Amino acid sequence: MTQDHIAIDEILTAQHDDVLKDWLAELTTSGRSSGAALGTASRTEAQDLLGALREGVRANAGADRFEDAAPWERARGVLETLSRTRAAKGSNAGETSQFVLSLKKPLFARLQQRLGKEPDRLVGAIWSVSELVDRMAQFTVSTFQRSREEVINRQQEELLELSTPVVKLWDGVLAVPMIGTLDSSRTQLVMESLLQRIVDTGSEIAIIDITGVPTVDTLVAQHLLKTVTAIRLMGADCIISGVRPQIAQTIVHLGIDLTGITTKASLADALALALKRSGYVVTRPKS
Amino acid sequence: MQRIPILQMGKCLLVTIQVDLQDQTALALQDDLSAKIEATGAHGVLIDISALEIVDSFIGRMLAGISGIARVLDATTVVVGMQPAVAITLVELGLSLEGVRTALNVERGMQMLRDAAVEDSRDATG
C-alpha cells in the first residue's frame with residue numbers, strides 16, 4: 001500500500017462512524033437533496049459505500065481503473081444500485097452525484113487533522129481522495145444517465161406500438177387513426193400492419209385518418225403517398241380523412257401533389273364514401 | 001430455361017407465377033404473353049403474383065411493361081395477390097406501377113376483367 005492509501009484506510013477504519021455522521025450532516029446542509037429523501041435508505045447506502053471504498057483502498061487499487069478493476073467491484077455494485085433507485089424515483093443527475101461528492105469534505109477534514117504537520121503527504125492524500133471520489137461521482141452519473149435512457153427507450157417503443165392500431169370499421173373497410181408525428185419508422189410500422197390486415201381480412205378499402213397528426217410537411221406527405229401507393233399495389237383503395245383546414249392550406253402552399261388520392265375532411269365522410277363504393281345504402285326507417 | 005405457363009380461360013389469359021422470377025424467365029414471359037394475346041385475341045390478362053416473395057426493380061419494370069404491351073394489343077391487365085413486403089419494396093424502389101390495375105385476389109381480379117369487358121362491349125355498341 002502507498003502512504004496515501006494507508007492514511008485513507010486508517011481514517012476509514014478508525015473514524016468510520018465520524019465520517020459517516022459528517023457525511024450525512026453535509027448531505028442535509030448542502031440542501032440539494034430534500035430532507036425527506038435523507039431517510040434510512042441514504043444511511044444504508046452511505047454505509048455500504050464507505051465499506052466498499054475501504055475494501056478498494058485496502059486492495060491498493062488506483063482510482064484510474066475504477067471502471068473495470070476487480071477490487072472496485074463492490075463499490076461499482078453499490079453505486080449502480082444507488083443510481084438505479086434514484087433514477088426510478090425521479091431524482092436529477094445533480095442530486096445523485098452530489099450524494100457522492102459530499103463525501104469529500106468529511107474526508108478532507110480528517111486528513112487535515114491527521115497529516116496537518118506534513119504538508120507533502122497531506123497534498124498527496126487529498127489528491128488521491130479527490131480523484132477517487134470524482135471517479136465514483138462520474139461513474140454514478142453515467143450509470144444514472146444510462147438507466148434513464150433505458151426508461152426513455154422502453155417508453156418510446158411502447159408508444160410506437162400503442163399509437164398505430166388498425167381497426168375494422170365495416171365489412172371490407174379498415175381504418176388507421178394516426179396520432180402524433182409521422183416519421184419514417186412509424187410510417188413503416190403503419191404500412192406493414194395495415195397491408196398485413198388488408199391481406200388477412202380481404203378488405204378493399206383502407207381509411208387513413210390524420211386528425212391526430214399535428215403538422216403535414218413535404219416529408220410527411222411523401223410518407224403518406226408511399227403508403228397510399230403500396231395499398232393500391234396490393235389491390236385495395238385508400239382514402240385519407242381528417243384533413244384540417246390549416247393542413248389543407250399548408251399542403252397547397254407547399255405545392256404537394258395529392259392528385260389521384262381521395263381526401264375527405266372527416267372520418268364520417270370517408271366511411272360514407274367507403275360504404276357507397278362497396279354498394280351499401282344507409283337508410284333510416286321512419287318511426 | 002424455365003417458362004411460366006399461360007392458361008386460357010375464355011377470353012382471358014391467366015398467368016400464375018409460382019417461382020421466384022429470373023430476368024431471363026421474365027423476358028420470355030413477356031414474349032410468350034404478347035404472342036398469346038395476339039393469337040387468341042384475349043381481352044384480359046390476369047397475373048397472379050401471390051407466391052412471389054422477392055422482387056427487384058427489373059421485375060417491377062417488367063410488370064409495368066407487360067401491362068403496357070397488353071394495352072397496346074387491346075387487353076386489360078390485372079395484377080393480383082401482391083404480398084405486403086413486395087408492395088413496400090416496390091414503393092421504396094420508386095416504382096408505383098402507374099397504369100397497372102391491381103386486385104386483392106384472383107376472384108376479384110376476374111370480376112374486374114369481366115367488368116372491363118362489359119364496359120368495352122358497351123363502348124363498341126355505344
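In chain A, α5(A) passes α7(A) in a right-handed crossing, a crossing being right-handed if the near helix is turned clockwise from the far one by less than a right angle, and left-handed if anticlockwise. The model is a predicted one, in which local features need pLDDT of at least 70 and side-chain atom pairs count only at pLDDT 80 or more, while totals for chains, interfaces and linings use all residues. Residues are numbered from 1 along each chain as its sequence is written, and chains are lettered from A and ligands numbered from 1 in the order in which they are written. Helices (DSSP runs of H or I, at least four residues) and strands (runs of E, at least two) are numbered from the N terminus.

Two packed helices are described by the angle between their axes and the distance between the axes. Here α5 (residues 93-101) and α7 (residues 119-162) of chain A pack at an angle of about 155°, with their axes 9 Å apart; axes are lines fitted to C-alpha atoms, for helices over the stretch in contact, and angles run from 0 to 180 degrees between N-to-C directions. That angle makes α5(A) roughly antiparallel to α7(A), since angles over 145 degrees count as roughly antiparallel, under 35 as roughly parallel, 65 to 115 as roughly perpendicular and the rest as oblique. From α5(A), Ala93(A), Thr96(A), Ser97(A), Val100(A) and Leu101(A) meet residues of α7(A) that include Val133(A), Met136(A), Phe144(A) and Gln145(A), where contact requires C-beta atoms, placed from the backbone, within 7 Å. The residues of this contact of α5(A) with α7(A) comprise eight nonpolar, four polar and no charged (Ala, Val, Leu, Ile, Met, Phe, Trp, Tyr, Cys and Pro count as nonpolar, Asp, Glu, Lys and Arg as charged, and the others, Gly among them, as polar).

Further along chain A, five strands form an open sheet with mixed pairing, in the order β1-β2-β3-β4-β5, and two strands pair if DSSP finds at least two bridges between them. Its edge strands are β1 (167-170) and β5 (262-263) of chain A, each of which pairs on one side only. β1(A) runs antiparallel to β2(A) (residues 173-179), joined by three bridges, and Val167(A) has Ala175(A) in β2(A) as its bridge partner. Helix α8 (residues 184-201) of chain A lies across β1, β2 and β3 of that chain, at about 165° to β2(A), whereas helix α9 (residues 218-234) of chain A lies across β3 and β4, at about 150° to β4(A).

Chain B has four helices and five strands, which run β-β-α-β-α-β-α-β-α from the N terminus on. Of its 126 residues, 37% count as buried, meaning that 20 or more other C-beta atoms lie within 10 Å of a residue's own, with 12 or fewer for exposed and partly exposed in between.

Which residues of chain B have a positive phi without being a glycine? Asp74(B), with a phi of about 65°, sits in the loop between α2 and β4 of chain B and is exposed, because 11 other C-beta atoms lie within 10 Å. Leu97(B), with a phi of about 50°, belongs to the loop between α3 and β5 of chain B and is buried, because it has 20 C-beta neighbours inside 10 Å.

Finally, the two chains meet in a contact that takes 14 residues from chain B and 15 residues from chain A. On the side of chain B that touches chain A, α3(B) gives the most, with five residues.
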